[in-house]
Amino acid sequence: MSFKTLVSKQAALLDKDLMGPEIGFTLEQLMELAGLSVAQAVLKEFPRSQRTKSQVLVLAGPGNNGGDGLVCARLLKLFGFKPVVYYPKHNTKAPFFSKLVKQLKFFKVPVLNTDDDWLRYLNPNDTVCVVDALFGFSFKPPVREPFGGVLNQLRQAQDQIPIVSVDVPTGWDVDEGPVEPNCIVPKVLVSLTVPKPCALKIDPLETQHYVGGRFIPAEFANKYGFEPFAYENADQVVKLVPE
Ligand SMILES: NC(=O)C1=CN([C@@H]2O[C@H](COP(=O)(O)OP(=O)(O)OC[C@H]3O[C@@H](n4cnc5c(N)ncnc54)[C@H](O)[C@@H]3O)[C@@H](O)[C@H]2O)[C@@H](O)CC1
Ligand SMILES: [K+]
């Protein structure tokens with residue numbers, strides 16, 4: 001499949017640019033839209049008419065990828081799912097992460113920590129899919145604990161429960177793809193703003209690929225060397241189909 005990608009360093013620069021003094025977005029705004037994109041992709045892949053269960057396990061990591069997961073969980077609740085969040089390492093760098101957790105309590109979405117038995121939700125009888133919001137474009141392999149153990153469990157379950165990866169399949173090298181042994185293979189990847197090079201390594205027969213994070217004008221995309229994606233109507237995601 002051919003699509004333009006942005007290497008991890010450029011993706012970080014693009015982010016900085018969007019949140020810089022000239023453009024003026026805040027991280028909270030972008031994260032809300034990123035989480036909305038992922039929740040929309042989950043709804044498109046697993047519509048109510050085609051499923052008999054509604055539980056979604058959201059795995060949230062310690063960085064902004066995890067923040068996208070926290071937002072996504074809240075929106076999934078509004079979209080009729082029963083999300084449960086496993087958030088083993090809280091982000092203490094910015095106060096709004098704890099606000100996202102408060103909002104989840106307000107929505108009666110359970111937020112589990114390392115003392116809780118999160119594995120009981122990794123159960124194909126009840127769980128529609130797992131949202132992998134562990135790490136995004138700032139991940140550098142090899143994975144450190146407790147996340148290595150979480151990835152092992154995911155890999156064992158992935159044939160029974162589809163994984164929806166946010167921006168980058170966790171454990172994959174952002175620019176090189178699945179270079180570590182035994183990487184997870186998501187059923188759905190939601191690239192944010194523009195795919196990272198690892199997305200070129202997905203097998204389109206195994207993984208449905210969406211682009212989301214619909215927050216930039218055409219000129220800004222061109223500045224970073226890509227064309228805007230063909231979003232329809234008010235959709236927050238667009239599915240890339242193999243040519
Ligand atoms: N413009 C965009 O595309 C936007 C991207 N956002 C999200 O932000 C993500 C990037 O966020 P961050 O830069 O915070 O990075 P990540 O969320 O990818 O990860 C950073 C965290 O992971 C830890 N980490 C890195 N490598 C590790 C390893 N090997 N083992 C264990 N821990 C490790 C770091 O210590 C840090 O706490 C994107 O992938 C995307 O999901 C959105 O939130 C906002 C807008
Ligand atoms: K991820």
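I started with residues 11-228, where the chain is 32% helix and 16% strand, and the end C-alpha atoms lie 15 Å apart. I note that this is a predicted model. I took the range from UniProt: an unreviewed entry carries the annotation "domain: YjeF N-terminal" for residues 11-228.

Next I looked up a helix pair. I found that helix H3 (residues 64-78) packs with helix H4 (residues 96-106) at an angle of about 20°, and that their axes are 9 Å apart. The crossing in which H3 passes H4 is left-handed.

I then listed the residues that make the contact. From H3 they are Gly 67, Leu 70, Val 71, Ala 73 and Arg 74. H4 brings Phe 97, Leu 100, Val 101, Gln 103 and Leu 104. By class I have 7 nonpolar, 2 polar and 1 charged in the contact of H3 with H4.

Then I turned to ligand 1. Which of the 30 residues around ligand 1 come nearest? I noted Gly 63, Asn 64, Asn 65, Gly 136 and Ser 138. Helix H1 (8-18), helix H2 (27-45) and H3 are the elements giving two or more residues to this shell. H3 supplies the largest share of the shell, 5 residues.

Last, I sorted the shell around ligand 1 by class and got 15 nonpolar, 10 polar and 5 charged residues.

Key:
Residues are numbered from 1 along each chain as its sequence is written. Chains are lettered from A and ligands numbered from 1 in the order in which they are written. This is a predicted model: local features need pLDDT of at least 70, side-chain atom pairs count only at pLDDT 80 or more; totals for chains, interfaces and linings use all residues. UniProt positions are given in the numbering used here, feature names are shortened, and annotations may be inferred rather than shown by experiment. Helices (H or I, at least four residues) and strands (E, at least two) are DSSP runs, numbered from the N terminus. Axes are lines fitted to C-alpha atoms, for helices over the stretch in contact, and angles run from 0 to 180 degrees between N-to-C directions. A crossing is left-handed if the near helix is turned anticlockwise from the far one by less than a right angle, and right-handed if clockwise. Two residues are in contact if their C-beta atoms, placed from the backbone, lie within 7 Å. Ala, Val, Leu, Ile, Met, Phe, Trp, Tyr, Cys and Pro count as nonpolar, Asp, Glu, Lys and Arg as charged, and the others, Gly among them, as polar. A residue is near a molecule or strand if its C-beta atom, placed from the backbone, lies within 6 Å of it.
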